[in-house]
Amino acid sequence: MKNTLARSKPIRTRDPERTKGQILEAALNEFVSHGYNGAKVHQIAKSAGCNARLIYHYFDNKERLYEAALRSIYSEIRKREVALHLDTLPPEQAIMRLTETTFDFFENNTAFLSIIRSENLLGGRFIAQIPEIQQMSAPFLDNISDVLKRGHAEGVFRAEIDALQLYVSIVALSAHHINASHTLSATFGLNVSGSDWRRDRRQHVLDMVNSAVR
């Protein structure tokens, strides 16, 4: 009943796009902190400084808002990857640039990793319902494949490197120390969140990827 009432009257705001942006930002923070099941629409509204009716007006319900949040975070990383213009770079430089960008993105966008962990706990069911995420990801994977083929043709990369396998490996190497920072630090008695360790980790990842493709 509450949702029906929220949609029964037109709601006017002076800057709809700005309001939607504020709601989405607040929603991302809420989903990151509490996951989908724990997130509360009234808390999102409070954080965004708006009435909850506006959330239902713009996003219909909590599920649609969560899907919008997923689209937003995936769009961000895909935009950064597309901006690399891998097709214009020499193969070796292209793979190193991709690795650097992936590592740095996760380092500076831990919210992305948090919400993806939450979505994995849900079995990936929401991402599976968002065709745009696959549509924006497939061309990028093709770009990586083209780089690998160019590298092999030029004699700098080994043959038959699977583009998806390589990208998943880059993601894993760039993200695991963040996802498991507390347990790794406790297990080995060192701070894997420290700037020096993270700098060394970045170089180690670059070296491993470079060795893997040659």
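Is Ala111 buried, partly exposed or exposed? Ala111 is partly exposed, with a relative accessible area of 37% (buried is under 20%, exposed over 50%, partly exposed in between, with a 1.4 Å probe and protein chains only). This is a predicted model: local features need pLDDT of at least 70, side-chain atom pairs count only at pLDDT 80 or more, and totals for chains, interfaces and linings use all residues. Residues are numbered from 1 along each chain as its sequence is written, and side-chain values use heavy atoms, without hydrogens and water.

**Ala111**
- Ala111 sits in helix 7, residues 110-121 (helices are DSSP runs of H or I, at least four residues, numbered from the N terminus).
- Ala111 and Ala27 lie 84 residues apart in sequence and 12 Å apart in space, C-alpha to C-alpha.

**Helix 6 and helix 8**
- Helix 6 (residues 91-108) packs with helix 8 (residues 131-153) at about 145°, axes 8 Å apart (axes are lines fitted to C-alpha atoms over the stretch in contact; angles run from 0 to 180 degrees between N-to-C directions).

**Nonpolar core**
- The largest nonpolar core has 62 residues, and Ile23 and Phe31 touch the most other members (a core is a set of buried Ala, Val, Leu, Ile, Met, Phe, Trp, Tyr and Cys residues joined through side-chain atoms within 4.5 Å).
- Helix 5 (residues 62-82) gives the most to this core, with eight residues.
- Beyond neighbours within four places in sequence, Phe31 contacts residues including Tyr36, Ile44, Leu65 and Ile115.

Terms used
Helices (H or I, at least four residues) and strands (E, at least two) are DSSP runs, numbered from the N terminus. Contact means heavy atoms within 4.5 Å.
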